[in-house]
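Trainee: I am new to this one and would like to get to know it step by step. Could you walk me through it?

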Amino acid sequence: MSFLVLEGLSKSYGDVHALVDLHLSVERGEFISLLGPSGCGKTTTLQALAGFVPASSGRIRLDGRDITHLPPNQRGLGVVFQSYALFPHMTVAQNVAFGLEMRRVAPAERAARVERMLALVHLDSMAGRYPRELSGGQRQRVAIARALVIEPPVLLLDEPLSNLDAKLREAMQFELRRIQRKLGTTTIMVTHDQAEALSISDRVVVMQAGRAVQVAAPQALYEHPASAFISGFVGKANLLAGTVRGREVELANGLRLPAPAGAPGEGVAVRVCLRPEKLRLLSAGDGASRLAVRIEERFFLGSQWLYRVTSPLGELEVSSPNDGRTPWDEHGAAGLAWSDDVLRLLPPEAAA
């Protein structure tokens, strides 16, 4: 049996169903992200796991033990809140030691564990400082150290990086993953940031309207989205209406493309998903082009250029790496090409 198991977990507030029949199995040492827009049920899931809100139905099993109805202090889980919730009147070391004091850990062992944990998060030289004397990233590491020093079976993270600026946030993603791998702590993180979830998770749970709509490894999730919602939420996607015709897919302008394996039957309406980075801009009239386009706008994103183009299929987005070549001019004609193996068909039920 998996280390952490959610069996049909649901939570309702009157007629509002915040969480609906969630089934999830998490292996020991896994890093799982709950990803989705505001109101999708990811925070409710975390709160139910922590015991902060009672589940309306379903069960939570941890290492074979049913913890569904245990209060938070008897679950023994580590929690890092979005605000970090550090005690302002306590030093870094005192904040980290707090959970050990509540568990009546002997002073000598407590001091040794706090020292080890502060070294792990690179804050051993700041043990005597107060939260107000720390940067955002340092406060976040104190909160993580405080949650981990009690050696919890599961670490719960509620958007722990959302208060950081973009550059620090990216750096802390990898710092968080380093710490988690070093300790091997099973971790569940709530986030609405797709890049964050994809970069550091073993698996991602995409949630929509209280339900888990796809659970997969980051690359599998990105390359094979299960619905139009997922394809658009996890990265950028060009979605094109099409119809299956034998072993091909006919698009709106009559262009026919080879249908990938597992395509539905003849005449079924589908949506074709083409990621912007899988498309290539070519010179107008290039024989390798599949589609003539006009470049309407371009946007410089540092590592890449993003182009908005118009075509017989409608408006499309194309991204190209910033590899030193001269970018394409706005309002110019170009061709568009892609490989057959990058085409994805969304299931018929996702085509509406």
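Mentor: Gladly, and we begin with a definition: buried means under 20% relative accessible area, exposed over 50%, and partly exposed in between, with a 1.4 Å probe and protein chains only. Keep in mind that this is a predicted model, where local features need pLDDT of at least 70, side-chain atom pairs count only at pLDDT 80 or more, and totals for chains, interfaces and linings use all residues. Residues are numbered from 1 along each chain as its sequence is written, and side-chain values use heavy atoms, with hydrogens and water left out.

Trainee: What share of the residues in the chain is buried?

Mentor: The chain has 352 residues. Its C-alpha atoms fill a box of roughly 75 × 45 × 35 Å along the principal axes. Of the residues in the chain, the buried ones make up 47%.

Trainee: How many helices and strands are there in the chain?

Mentor: Both are DSSP runs numbered from the N terminus: helices are H or I with at least four residues, strands are E with at least two. By that rule the chain has 9 helices and 20 strands.

Trainee: Which residues are buried in helix 1?

Mentor: Helix 1 is mostly covered, with 7 of its 9 residues buried. After the helix comes G51, with a positive phi near 90°. The buried residues of helix 1 are K42, T44, T45, L46, A48, L49 and A50.

Trainee: Against which helices do the buried residues of helix 3 pack?

Mentor: In helix 3, the buried residues are V92, N95, V96, A97, G99 and L100. R104, with a positive phi near 55°, follows this helix. The buried residues of helix 3 pack against helix 4 (107–120) and helix 5 (136–148).

Trainee: How many aromatic pairs does the count come to?

Mentor: Rings of Phe, Tyr and Trp (its six-membered ring) pair if their centres lie within 6.5 Å; planes under 30 degrees apart count as stacked, over 60 as edge-to-face and the rest as tilted. By this rule, the count comes to 5 aromatic pairs.

Trainee: How many residues apart in sequence are the parts that the pair of F52 and F81 ties together?

Mentor: F52 and F81 form a stacked pair, 6.0 Å centre to centre with 20° between the planes. F52 lies in the loop between helix 1 (42–50) and strand 4 (57–62), and F81 in the loop between strand 6 (78–80) and helix 3 (92–102), so the pair ties together parts that are 29 residues apart in sequence.

Trainee: Are F52 and F81 buried or partly exposed?

Mentor: F52 has a relative accessible area of 42%. For F81 the value is 34%. F52 and F81 therefore count as partly exposed.

Trainee: Which residues do ring pairs link into a cluster with W305?

Mentor: W305 and Y307 have ring centres 6.5 Å apart and planes at 25°, so this pair is stacked. Both of these residues are buried. Ring pairs link W305 into a cluster with F300 and Y307.

Trainee: Which backbone oxygen does the side chain of K11 reach?

Mentor: K11 lies in strand 1 (residues 4–13). At 2.9 Å, the side chain of K11 reaches the backbone oxygen of P54.

Trainee: Which residue forms a salt bridge with E175?

Mentor: A search of the whole structure finds 22 salt bridges. E175 is buried, at 15% relative accessible area. In this bridge the closest N and O atoms are 2.8 Å apart, and the partner of E175 is R178.

Trainee: In which helix do E175 and R178 lie?

Mentor: The two are 3 residues apart, about one turn of the helix. R178 is partly exposed, with a relative accessible area of 31%. Both E175 and R178 lie in helix 6 (residues 166–183).

Definitions and conventions. Polar contact = N/O pair within 3.5 Å; in protein donor to acceptor, adjacent residues only side chain to side chain. Contact = heavy atoms within 4.5 Å. Salt bridge = Lys/Arg side-chain N within 4 Å of Asp/Glu carboxyl O.
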